[in-house]
Amino acid sequence: MIETVLKKFGLNDKEISIYLSLLKLGSAPVRAVALQAEINRTTTHDILNKLIDEGLVSFVDKTKHRYFTAESPEHFLHSLKIREQNINRLEQDIKEILPELKSLYEKSESKPKAKYFE
């Protein structure tokens, strides 16, 4: 159930595995996360950076290592609100340029004259 919902959110299998591993581990270096998730260290590091960009993971530099921590699951809701705001802004932008796009479309000489539907 958890994996299904996280996939709907937009995470892939490896991202889900790493996020869930971090929830179990708490704060851990990339090597420990990679071992827990059973994903190679380089891929794990790349995915952690993507999850940081999404606001789902954070890190702290300790001694010689960087320790990663899963953010609270409530961040999924916050991320969805940001996505919704971005989509609303994009909708407004599209509405603004729509007349110009329609004008270009109407002037196009190579568009089909007849359309067939089944």
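The structure holds three aromatic pairs. It is a predicted model. Two of the pairs share Phe76: in one, the rings of Phe9 and Phe76 have their centres 4.8 Å apart, and in the other, the centres of Tyr19 and Phe76 are 5.2 Å apart.

**Aromatic pairs**

- A pair of aromatic rings is described by how far apart the centres are and by the angle between the planes.
- The ring planes of Phe9 and Phe76 stand at 85°, so this pair is edge-to-face.
- Phe9 belongs to helix 1 (residues 2-9) and Phe76 to helix 5, so their pair ties together parts that are 67 residues apart in sequence.
- The planes of Tyr19 and Phe76 stand at 80°, which is over 60°, so this pair is edge-to-face as well.
- Tyr19 is in helix 2 and Phe76 in helix 5, so this pair ties together parts that are 57 residues apart in sequence.
- Phe9, Tyr19 and Phe76 form one aromatic cluster.

**Burial around the cluster**

- Phe9 and Phe76 are both buried.
- Phe76 has a relative accessibility of 11%, and it counts as buried because this is under 20%.
- Tyr19 counts as buried too, at 2% relative accessibility.
- Ser79 is a residue of helix 5, which covers residues 75-107.
- Ser79 is buried, with a relative accessible area of 8%.
- Leaving aside residues up to four places away in sequence, Ser79 touches Phe9 and Glu54.

**Charges over rings**

- The charged end of Arg83 sits over the ring of Phe9, at 4.1 Å from the ring centre.
- The charged end of Lys62 sits over the ring of Tyr67, at 4.9 Å from the ring centre.

**The sheet and the helices on it**

- Strands of a sheet pair through backbone hydrogen bonds, in a parallel or an antiparallel way.
- Strand 1 and strand 3 (residues 65-70) run antiparallel and are joined by three bridges.
- Ser27 has Thr69 of strand 3 as its bridge partner.

**Loop residues with positive phi**

- Glu38 is not a glycine, yet it has a positive phi of about 60°.
- Glu38 is in the loop between helix 3 (30-37) and helix 4.
- The relative accessible area of Glu38 is 74%, and Glu38 is exposed because this is over 50%.
- Thr63, also a residue other than glycine, has a positive phi near 40°.
- Thr63 lies in the loop that runs between strand 2 and strand 3.
- With 82% relative accessibility, Thr63 counts as exposed.

Conventions: Residues numbered from 1 in each chain as written. Predicted model: local features only at pLDDT ≥ 70, side-chain atom pairs only at ≥ 80, totals over all residues. Heavy atoms only, no water. Helix = DSSP H or I, 4+ residues; strand = E, 2+ residues; numbered from the N terminus. Buried < 20%, exposed > 50% of the residue type's maximum accessible area, 1.4 Å probe, protein only. Contact = heavy atoms within 4.5 Å. Pairing = 2+ DSSP bridges. Phe/Tyr/Trp six-rings, centres within 6.5 Å; stacked < 30°, edge-to-face > 60°. Lys NZ or Arg CZ within 6 Å of the ring centre and 35° of its normal.
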